[in-house]
Amino acid sequence: MRVFETYSEDETIAVGEEIGRGLPSHALILLIGNLGAGKTTLAKGIVKGLGAAAPEEVSSPTFTLIHEYGDRVYHVDLYRIDEEREVRSLGLDELLDRDAVILVEWGERFPNLWPPNRIEIRLEAIDDTRRITVTPA
Ligand SMILES: Nc1ncnc2c1ncn2[C@@H]1O[C@H](COP(=O)(O)OP(=O)(O)OP(=O)(O)O)[C@@H](O)[C@H]1O
Ligand SMILES: [Mg+2]
């Protein structure tokens, strides 16, 4: 388990970048935290660290549900989805089989869907401070 503490959006992006640089080419990452905790901000850094896109190109996939950066990084936001059945219809199983990195916001709402070998990143917010806990890596 690794723990980081950040005090600004830029610092959270920098932590994401560090996490992204150390990821294997095949990884599922659940980004867990309340509204505004910094899940999308951290994703910007992770995508940058993976060399897939610049932070400005990363935004919340709230309406389109899945964003693709390059050909092997996917970013999913399940906030607006209520039923497991709907998530299954997105074709994530196929993505999970690929040599790809998949970042999922609000994935913890559907605990049955994910393989056990995943990375969970929890973000807790107090004012502008974010405590970021990465397990297991
Ligand atoms: N240390 C910090 N790290 C990251 N964001 C911070 C920090 N301090 C303040 N913020 C603010 O918190 C917000 C984080 O927004 P972000 O979209 O990343 O959250 P989110 O968890 O993806 O939210 P949602 O649940 O709506 O998808 C931004 O408005 C950002 O400016
Ligand atoms: Mg978000």
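Glu-105 is buried, at a relative accessible area of 3%. Buried means under 20% relative accessible area, exposed over 50%, partly exposed in between, with a 1.4 Å probe and protein chains only. Thr-40 also counts as buried, at 18% relative accessibility.

Two notes on the model. It is predicted: local features need pLDDT of at least 70, side-chain atom pairs count only at pLDDT 80 or more, and totals for chains, interfaces and linings use all residues. Residues are numbered from 1 along each chain as its sequence is written, chains are lettered from A and ligands numbered from 1 in written order, and side-chain values use heavy atoms, leaving out hydrogens and water.

Now the metal. Which protein donors does the magnesium ion (ligand 2) have? They are Thr-40 (OG1) and Glu-105 (OE), 2.1 to 2.2 Å from it. Donors are N, O and S atoms within 2.8 Å of the metal (3.2 Å for Na, K and Ca); water is not among the atoms, so sites may look incomplete. Thr-40 sits in helix α2 (residues 39-49) and Glu-105 in strand β5 (residues 101-105), so the pair ties together parts 65 residues apart in sequence. Helices (H or I, at least four residues) and strands (E, at least two) are DSSP runs, numbered from the N terminus.

Next, the sheet. It is open, with seven strands in the order β1-β7-β6-β2-β5-β4-β3 and mixed pairing. Two strands pair if DSSP finds at least two bridges between them. The edge strands, β1 (2-6) and β3 (66-69), each pair on one side only.

Take β6 (residues 119-126) and β7 (residues 129-135). They run antiparallel, joined by seven bridges. Arg-122 has Thr-133 in β7 as its bridge partner.
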